[in-house]
Amino acid sequence: MIGAIERAMVERLKSLDGAAGYRVRCESYAGQLEGEKGLPQVLNTLPALFVQYRSFSAEPLNRGVVITAQFSIFLAARTVQAEGASRHGTGSHVGSYQLQSDVIGLLQGARLGLEIQPLTLKRGRSLVTGNTADLRLSLLELEVVTSFQPPSRPNPDSLDVADFLSLHVDWTGFPPEDIIEVRS
């Protein structure tokens, strides 16, 4: 379910591209903002939104469990002028504050067509590192939570599993040729 939630968030956020009056790319986070290779390659493709699964907690409920899952959305914007313009935006460039407002509007209270509790904004923060100001980059993080009850699984002890009758493996070079075939 966690993967389905992340994919649904990405798809929902992709609807901002062009519809909100600006272009923005959105994808699952896979380290695009990290390291010497990641960040420089991303800079010329901003603004962008990256969705990442962060963690979950589990609470017992009757015979099952309720999972509360936390996700982060990283909002990255950049202008050639200054980091402040990257936050506030300019006439032709969307700023990270506008991205934040639009993302909140799209996700707050959404169920994304899934059997989950409505998404809830947990907190937002600025991610400022020593490198971001020099790069004229504004980077924000929004933390979003939802909860769901995973489908119940059958008890493995009650499953009717067929007998394991045989196993055949084509060995190449190992083990030695004197292997004995066992059948029941």
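Leaving aside neighbours within four places in sequence, Arg 111 is in contact with Ile 116, Gln 117 and Pro 118; contact means heavy atoms within 4.5 Å. The model is predicted, so local features need pLDDT of at least 70, side-chain atom pairs count only at pLDDT 80 or more, and totals for chains, interfaces and linings use all residues. Residues are numbered from 1 along each chain as its sequence is written, and side-chain values use heavy atoms, with hydrogens and water left out.

Arg 111 sits in the loop between H4 and strand E4 (120-126). Helices (H or I, at least four residues) and strands (E, at least two) are DSSP runs, numbered from the N terminus. Arg 111 has 42% relative accessibility and so counts as partly exposed. Buried means under 20% relative accessible area, exposed over 50%, and partly exposed in between (1.4 Å probe, protein chains only). A polar atom of the Arg 111 side chain lies 2.7 Å from the backbone oxygen of Ile 116.

Thr 146 is 35 residues from Arg 111 along the chain, yet their C-alpha atoms are separated by 8.7 Å. Thr 146 belongs to strand E5 (residues 137-148). Its relative accessibility is 3%, so Thr 146 counts as buried. Not counting residues up to four places away in sequence, Thr 146 touches several residues, among them Ile 5, Phe 71, Ile 116, Gln 117 and Pro 118. A polar atom of the Thr 146 side chain lies 2.5 Å from the backbone oxygen of Gln 117.

Gln 32 is found in the loop between strand E1 (25-28) and helix H2 (35-43). Gln 32 has a relative accessible area of 13% and is therefore buried. Its side chain joins that of Glu 27 in a polar contact of 2.6 Å. A polar contact is a pair of N or O atoms within 3.5 Å; within protein, one must be able to donate a hydrogen and the other to accept it, and residues adjacent in sequence count only if both atoms are side-chain atoms. The Gln 32 side chain also reaches the backbone nitrogen of Ala 30 at 2.5 Å.

Two packed helices are described by the angle between their axes and the distance between the axes. The axes of helix H1 (residues 2-14) and helix H4 (residues 96-107) come within 10 Å and cross at roughly 120°. Axes are lines fitted to C-alpha atoms, for helices over the stretch in contact, and angles run from 0 to 180 degrees between N-to-C directions. Met 9, Arg 12 and Leu 13 of H1 meet Val 103, Leu 106 and Leu 107 of H4.
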